[in-house]
Amino acid sequence: MEREIKWVLAQHEGTNHMYDKYLPYEFHLRMVANMASKFMYLMIPKNELHPGNPMNIDLVLAAWGHDLIEDTRVSYNDVKEALGHNVAEIVYAVTNEKGKNRAERGNQKYYDGICETPGARFVKFCDRIANVQYSKMTGSRMFGMYKKENEGFMEKMRFKGTVDPLYDMGHYLEQLFLEN
């Protein structure tokens, strides 16, 4: 995966894409990929949980590349060529819609696409958890925004509580808002 991750990072570097105005975007991508590693056990049966598992590789690459179409100059086909079909599908699903504001960019069609694409809910939860952790850690105003919109986010993500296969991720996210 080293070659593919280097390609993802090069796309962000090529657009001078930063995270929180002063950090290299790799910081955010690394946080999202770390969440994917932390919660990978939710996606893969225990007897298949090993680093070379193709599903594991696709999910990790999608975590690294989740913002490619949205934030760099690459297309779905570029992602498909560099990272594979499954990764491109996930990256496409988590790419915001066009819109003048946050609500338009994250509309119901956007969340429906996430929920209907295998692996995309997982990657979106990884991204949201990373953003909430960072905003909480830095005291950013974004933390309050994420907290305020969390109930709607969970509904749009079709989160089903304790019976949801991604319950541990949803619970982890909700706990971040409780620990102040």
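Reply: Let's begin with a word we will need throughout: a residue is buried when its relative accessible area is under 20%, exposed when it is over 50%, and partly exposed in between, using a 1.4 Å probe and protein chains only. By that test, 47% of the 180 residues of the chain count as buried. The model is predicted, so local features need pLDDT of at least 70 and side-chain atom pairs count only at pLDDT 80 or more, while totals for chains, interfaces and linings use all residues. Residues are numbered from 1 along each chain as its sequence is written, and side-chain values use heavy atoms, leaving out hydrogens and water.

The chain has 11 helices and two strands, where helices (H or I, at least four residues) and strands (E, at least two) are DSSP runs numbered from the N terminus. Starting at the N terminus, the order is α-β-β-α-α-α-α-α-α-α-α-α-α. The radius of gyration is 16 Å, close to the 16 Å that the globule rule gives for 180 residues, so the chain is as compact as a globular protein of that length. That radius is taken over C-alpha atoms, and the globule rule is 2.2 Å times the number of residues to the power 0.38. Along the principal axes, the C-alpha atoms fill a box of roughly 40 × 40 × 30 Å.

Now step inside. A nonpolar core is a set of buried Ala, Val, Leu, Ile, Met, Phe, Trp, Tyr and Cys residues joined through side-chain atoms within 4.5 Å. The largest one here has 58 residues, and those with the most contacts inside it are Val79, Phe122, Phe125, Met169 and Leu173. Helix H9 (residues 120–138) supplies the largest share of this core, nine residues. As background, nonpolar side chains in soluble globular proteins tend to be buried together.

A contact means heavy atoms within 4.5 Å. Setting aside neighbours within four places in sequence, Leu173 is in contact with Phe125, Arg128, Ile129, Val132, Asn150, Phe153 and Met154. For the chain as a whole, residues 24 or more positions apart account for 67% of the contacts with a separation of 6 or more.

Ile114 sits in helix H8 (residues 108–116), and its relative accessibility is 0%, so it counts as buried. Beyond four places in sequence, Ile114 is in contact with Ala93, Val94, Ala120, Arg121, Lys124 and Met157.

Val60 belongs to helix H3 (residues 54–65) and is buried at 8% relative accessibility. Its contacts outside the four-place neighbourhood are Met1 and Met40. Val60 and Ser37 are 23 residues apart in sequence and 7.2 Å apart, C-alpha to C-alpha.

Glu4, in helix H1, carries a charge in the counting used below: Lys and Arg count as positive and Asp and Glu as negative, without His or the chain ends. At 16% relative accessibility, Glu4 still counts as buried. Glu4 touches Leu61, Ala82 and Leu83, not counting residues up to four places away. From Glu4 to Ala82 is 78 residues in sequence and 6.8 Å in space, C-alpha to C-alpha.

For contrast, move to two loops. Asn16 lies in the loop between helix H1 (2–14) and strand E1 (18–19), and at 64% relative accessibility Asn16 counts as exposed. Phi of Asn16 is near 55°, a positive value in a residue other than glycine. Lys21, in the loop between E1 and strand E2 (23–24), is exposed at 78% relative accessibility, with phi near 70°, also a positive value in a residue other than glycine. The C-alpha atoms of Lys21 and Ala10 are separated by 18 Å, though 11 residues apart along the chain.

The mean positions of the 23 positive and 25 negative charges are 5 Å apart, each charge being placed at NZ of Lys, CZ of Arg, CG of Asp or CD of Glu.
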